[in-house]
Amino acid sequence: MNKIISSADADAYLARIGVTRPSVPDLAALRELHLRHLHAVPFENLSIHLGEEVVLDPAALVAKVTGGRGGFCYELNGAFAALLDALGYRVALLAARVMGPEGRFGPPFDHLALQVHAAGSAEPWLVDVGFGRNSHYPLRLDERGEQADPAGPFRLAETADGDLDLLREGDVQYRLEHRPRELADFEGGCWWHRTSPKSLFTKAVICSRLTSTGRVTLSDRTLVTTGATGRQELPLTDEEILPAFREHFGIALDRLPQVRRIPEEQVMP
């Protein structure tokens, strides 16, 4: 990738996730950046339900993060790739297809993940800050055995077609390609997720981030927290939703996101 964000933009990004600029773009710094990003920048699809455009331009994605928002996979990993590149890491964008609840993979370019090379580390690393309950730390892309992580055991398995399946606790999460891609390659997948009634993102408002004890999620009008005491669900009134976005995610909105139901016949499959 060509460096497309300024040093000031990178510093603003680092301030958002609470990390000082690493002196060397090594694995230790990558691990810290990955974890801090998951804690600070929420996975959210609010733009879809606020009628905002999602622009797959690295500078725009970084500006969204530094402006106090998050995004879904294309946005989060697209922005993080630009930051890592500015810090001196070697980054490639990889396409993946997510395993759905019905046991089938999603469409091509369903998900964006990153391959990263760090200074002093010969092996490539799978970096993904845009996939819900994913690993807290980067995973070795060339390792086929089980990899321990606070989120559970992960494993990468070769497929018959030469792709890689990412498994968490034995369950396939997504199927990853090896071929490097450009951010523009994901525009069709991003459009599908923003407009299709078959996309999970058009069906509900979601905002979620990792916490020191578990996870906090606002799903439509229910606040869900998980931690040492288990799972708790709290229904919210309309008046409580905007303050909840500010308190739990640092997101200041002037209006409520509204789910717009899309009839299937209006959208191409």
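The largest cavity is lined by 15 residues, of which Leu-38, Phe-43, Val-129, Gly-132 and Arg-215 lie nearest its centre; a cavity here is a set of points, on a 1 Å grid over the protein atoms alone, where a 1.4 Å probe fits but cannot get out, and lining residues have an atom within 4 Å of a point. This is a predicted model, in which local features need pLDDT of at least 70 and side-chain atom pairs count only at pLDDT 80 or more, while totals for chains, interfaces and linings use all residues. Residues are numbered from 1 along each chain as its sequence is written, and side-chain values use heavy atoms, with hydrogens and water left out.

**Cavities**
- The largest cavity has a volume of about 90 Å³, a volume being the space filled by probe spheres set on the points, which are joined across faces, edges and corners.
- Strand E9 (residues 206-210) supplies the largest share of the lining of the largest cavity, namely three residues; strands (E, at least two residues) and helices (H or I, at least four) are DSSP runs numbered from the N terminus.
- Two cavities of 30 Å³ or more are found in a search of the whole structure.

**Sheet**
- Seven strands form an open sheet in the order E5-E4-E3-E2-E8-E7-E6, with antiparallel pairing, where two strands pair if DSSP finds at least two bridges between them.
- Strand E5 (139-140) and strand E6 (154-158) stand at the edges with a single partner strand each, so one side of each is left without a neighbour in the sheet.
- E3 pairs with strand E4 (residues 125-127) in the antiparallel sense over three bridges, and Gln-115 stands opposite Leu-126 in E4.

**Nonpolar cores**
- The largest nonpolar core has 45 residues, of which Leu-33, Phe-80, Leu-84, Tyr-89 and Leu-114 touch the most other members; such a core is a set of buried Ala, Val, Leu, Ile, Met, Phe, Trp, Tyr and Cys residues joined through side-chain atoms within 4.5 Å.
- Among the elements that give two or more residues to this core are helix H1 (7-17), helix H2 (27-40) and helix H4 (58-66), while H5 gives the most, with 10 residues.
- A second, separate core of 16 residues includes Cys-207, Leu-223, Phe-245 and Leu-253.

**His-117**
- His-117, in strand E3 (residues 111-117), is buried, with a relative accessible area of 16%, where buried means under 20% (1.4 Å probe, protein chains only).
- Leaving aside neighbours within four places in sequence, His-117 is in contact (heavy atoms within 4.5 Å) with Tyr-89, Arg-90, Ala-122, Glu-123 and Pro-124.

Conventions:
Buried means under 20% relative accessible area, exposed over 50%, partly exposed in between (1.4 Å probe, protein chains only). On a 1 Å grid over the protein atoms alone, a cavity is a set of points where a 1.4 Å probe fits but cannot get out, and a pocket is an open set with protein on both sides within 12 Å along at least five of seven lines; lining residues have an atom within 4 Å of a point.
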